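Please read this briefing alongside the sequence and the model. It covers the chain interface, the salt bridges and one set of paired strands.

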There are 2 protein chains.
Amino acid sequence: MSKGLPKRSEDYSLWYNELVKRADLAENSAVRGCMVIKPYGYSIWEKMQAELDRMFKETGHTNAYFPLFIPKSYLSKEASHVEGFAKECAVVTHYRLKNSEDGKGVVVDPEAKLEEELIVRPTSETVIWSTYKNWIQSYRDLPLLVNQWANVVRWEMRTRLFLRTAEFLWQEGHTAHATKQEAIDETVQMLNVYATFAESFMALPVVKGVKTPNERFAGAEDTYCIEAMMQDGKALQAGTSHFLGQNFAKAFDVKFATKEGGLDYVWGTSWGVSTRLMGALIMAHSDDNGLVLPPKLAPIQVVIVPIFKSDEELDRISEKAKEIVSKLRKLGVSVHFDHRDTHKPGWKFAEYELKGVPLRIAMGPRDLENNTIELARRDTLTKETINLNEIEIDSFIVAKLEEIQTTIYQKAFDFRTTHTTEVNSWEEFQDVIENKGGFVSAHWDGSSETEDKIKELTKATIRCIPLDQKEEQGTCVFTGNSSKGRVLFARAY
Amino acid sequence: MSKGLPKRSEDYSLWYNELVKRADLAENSAVRGCMVIKPYGYSIWEKMQAELDRMFKETGHTNAYFPLFIPKSYLSKEASHVEGFAKECAVVTHYRLKNSEDGKGVVVDPEAKLEEELIVRPTSETVIWSTYKNWIQSYRDLPLLVNQWANVVRWEMRTRLFLRTAEFLWQEGHTAHATKQEAIDETVQMLNVYATFAESFMALPVVKGVKTPNERFAGAEDTYCIEAMMQDGKALQAGTSHFLGQNFAKAFDVKFATKEGGLDYVWGTSWGVSTRLMGALIMAHSDDNGLVLPPKLAPIQVVIVPIFKSDEELDRISEKAKEIVSKLRKLGVSVHFDHRDTHKPGWKFAEYELKGVPLRIAMGPRDLENNTIELARRDTLTKETINLNEIEIDSFIVAKLEEIQTTIYQKAFDFRTTHTTEVNSWEEFQDVIENKGGFVSAHWDGSSETEDKIKELTKATIRCIPLDQKEEQGTCVFTGNSSKGRVLFARAY
């Protein structure tokens, strides 16, 4: 590392961009808006995928794969869907053929125009419901619980690594049900899966809620979401789960024979999280020294750095280090012993700090004599000397990792608490949004016009109507019209 | 199932297509040449992925992700690469923008032409080497051992599910090395990983070899491959590993500071297997009743079907079945107890036969009395009654699954042996290719012209020069020119 990161307090946005690049998470590619996810960043994403995939399967879902390309006409079949997505697509108009020869070696037309233009999927409801039409005949075929891990493309002019990229990776669940209630239950179940994942693995507290019609997924009857808060006080939507009603079933004519002998349209849901979660993870916990990773998602949980002046010293330290490595691995701890002699200990300390490795063990000749190690915590940047005679190193480290996971969560939780403000006047609203940031809990009259106007004036949007909203008579912070409960406003990513 | 599958002996091609569809592996989508991989098919692919990914990581590789889109100009940077790939691409020419308004709500130009056209990646060497240029400065940055799981697109006019589709899923490894020898060693190592995977998991014997210049990957100095034989005697290339020399390093100007203080181009490799392996798996082992899956890749290894006439009978059988399920799961066996009352046992038997479940346990009231089960093997279509007093059911089943894995491999191995023919004359060559099929081991004079001519006359290509080729003086089967060893010819998928 040539020099330190920019400070969060000075330029949060620059800090984020630099951190993503220097910690080897991702970088921009030669294609505008498309990122390269680097090995270290990808290994965090793989850990996210593995946990989510396990949770999807435990709730009865199976994976499948649907085509990257969607005929342009499909988008238009659902009226609000086309409005939401048709205008941010990459369009495939041509193909080139290997065998574009007339048989005598003469190239006739190497590049040909497609009869119907294809769009690169921005989301897969249309292609999937056109397929479901053939898969669903009777109530016996329901529920259909399918998930897909895939890349999607939404053409964006202003992109930021992980947060908003033209191509991103995600999972999209698409389910079909016999009854409305079952579909709503599924929508809520998957919202809860996302919330559990965010809180238990990402150490990220989230508010569960419902979007206003303005912010609803194009084609959904209801969009549920989890909203997280970043360290600059801005909100980030971390996952959405949509109750689609019968909208896509009607658009693609997917009917089923009911148990009672009737014929009805199928009820649908879709739900997704993306590599955007990487952005949330980074922005929620990291500091001016680099990444701070919750142990449950850290590719390396513990690094051991030997301090040595000679090969002989390294040999003696290695012997002890390998003992610790072996004990930790038996308990499933991911541990790396960095015995390279091409880099100095100080360089390694800074490097693993930048990469967010939760625990660092340093061992020198004196530690060998005293049977001690120096243990450094990434999240608190504290160090302690541990006497190995007094503890069992393996269970000690496991407990420490759990403590770190909890501490990181609690810190984010406390930050959110101190940055959530109840306001009751328009002056207060503007002041908090402008000067303090965070979530603003306020009464709203329920109209889209008010929502739009507030957004125009303050750049704050309604993040959600929280699921645990209390009934409370009040007056809209902007219009003074009556309101039955508070909603959460914030500026958002 | 309405009626039986077509027979292999009558129409092998139709049998394959129908099997893929009826066993719920994959189907064609509305977009020409693009397939939908259905949940059951995808669960087999996931098992393949998991094993391969483990093997890649054990050999030191990490995963990353590179963009779907490649600037058209990139392809042309490596001369033979552009020739091989530029003519089978999907081309993105336009994008549409959400914010294509002039600020007053007037849409100015919703669809815009890209400054430089993008192609959807047919393979990622170009975009990856353009990235490696920034990742590699010194010998300390080498070797760089990266793999990517991704979708790729090669526009094909004639497509077949899994075997040749416009979009397919694959992994592509891309490594960079400081020396030629190290890159060659890597190429061979990954060939061996593929061969081990094919033989140990897919139960598919393969010949390891090198491609002739005609069949080489566009941009490689050498292409290593594994070649398998299908039940119709045709060959199928199951995986390739390319030694790229310094070709892509030169095309993208990727140099590194050597240990000795010099500056040199980096040496590269790339290697991949795709969902084509699904086609190989299906065609190598399955029969006229449906899929035959090697236990190591079967999503369900054992199915238990109860035979009952009343709820009371089902209850008693369930008790026993659940005991068996629990014992088997403890040993990591994937077992499914199908107690549905919506389908008859006969229907279930046929269904699991079609789906290739290796072992089926049937249990009726009489079995309960006698403490027996009926055990049916999918591969041999044999049944036996097992007395549970005489065996330990869990270890018995595990041993049986291992036996099936071995038997399936041996059967494919024997088939290949009887369908590999050494020929020494042109008449014999034509006769075997035309009437017997399989691999033909013959002398070849080493010239591309001869190879082309033979292909034109017989549709047979040189599958590979086997790595274990024996030195043997001979004369080319076609020209009579001198040859130093035999190569493998076959008609191929």
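Buried means under 20% relative accessible area, exposed means over 50%, and partly exposed lies in between (1.4 Å probe, protein chains only). Helices (H or I, at least four residues) and strands (E, at least two) are DSSP runs, numbered from the N terminus. With those terms, 5 of the 6 residues of strand 18 (residues 372–377) of chain A are buried, so this strand is largely enclosed by the rest of the structure.

This is a predicted model, in which local features need pLDDT of at least 70 and side-chain atom pairs count only at pLDDT 80 or more, whereas totals for chains, interfaces and linings use all residues. Residues are numbered from 1 along each chain as its sequence is written, chains are lettered from A and ligands numbered from 1 in the order in which they are written, and side-chain values use heavy atoms, with hydrogens and water left out.

**Strand 18 of chain A and its partners**

- Two strands are said to pair if DSSP finds at least two bridges between them; strand 17 (residues 359–363) of chain A pairs with strand 18 of chain A in the antiparallel sense, over 4 bridges.
- Within that pairing, Ile361(A) has Leu375(A) in strand 18 of chain A as its bridge partner.
- Strand 18 of chain A is also joined by 5 bridges to strand 19 (residues 383–387) of chain A, again running antiparallel, and here Ile373(A) stands opposite Ile386(A) of strand 19.
- The hairpin formed by strand 18 and strand 19 of chain A has 5 residues between the strands, and Leu381(A) takes a positive phi near 55° in this hairpin.

**Chain A as a whole**

- Chain A holds 14 helices and 25 strands, and its C-alpha atoms fill a box of roughly 80 × 80 × 45 Å, taken along the principal axes.
- Of the 493 residues in chain A, 59% are buried.
- Taking contact to mean heavy atoms within 4.5 Å, residues 24 or more positions apart account for 69% of the contacts in chain A with a separation of 6 or more.

**The interface of chain B and chain A**

- The size of an interface is often given as the accessible area lost when the parts come together.
- Buried area is the accessible area (1.4 Å probe) that two parts lose on being put together, summed over both; between chain B and chain A this area is about 5000 Å², with carbon and sulfur atoms giving 63% of it.
- Tyr65(B), Lys87(B) and Arg96(B) supply 14% of the area that chain B buries against chain A, which is more than any other three residues.
- In terms of contacts, 59 residues of chain B touch 59 residues of chain A.
- A polar contact is a pair of N or O atoms within 3.5 Å, where, within protein, one must be able to donate a hydrogen and the other to accept it, and residues adjacent in sequence count only if both atoms are side-chain atoms; the rule finds 20 such residue pairs across the interface, both residues being at pLDDT 80 or more.
- Strand 5 (residues 90–96) of chain B gives the most to the side of chain B that touches chain A, with 7 residues.
- Strand 5 (residues 90–96) of chain A runs antiparallel to strand 5 of chain B, the two being joined by 5 bridges, and Tyr95(A) stands opposite Ala90(B) there.

**Salt bridges**

- A salt bridge is a side-chain nitrogen of Lys or Arg within 4 Å of a carboxyl oxygen of Asp or Glu, and a search of the whole structure finds 56 of them over all chains.
- Between chain B and chain A the count is 2 salt bridges, and one links the side chains of Glu46(A) and Lys57(B) at 3.0 Å, N to O.
- Lys57(B) also forms a salt bridge with Asp53(B), the closest N and O atoms being 2.8 Å apart; the two are 4 residues apart in helix 2 (residues 39–58) of chain B, so they are separated by about one helical turn.
- Asp53(B) is buried, with a relative accessible area of 14%, whereas Lys57(B) is partly exposed at 39%.
- Glu227(B) and Arg463(B) form a salt bridge with their closest N and O atoms 3.0 Å apart, which links strand 10 (residues 222–229) to strand 22 (residues 461–466) of chain B across 236 residues.
- Glu227(B) is buried at 0% relative accessibility, and Arg463(B) is buried at 4%.
- Asp24(A), Glu27(A), Lys38(A), Glu351(A) and Lys355(A) are linked in a network of salt bridges.
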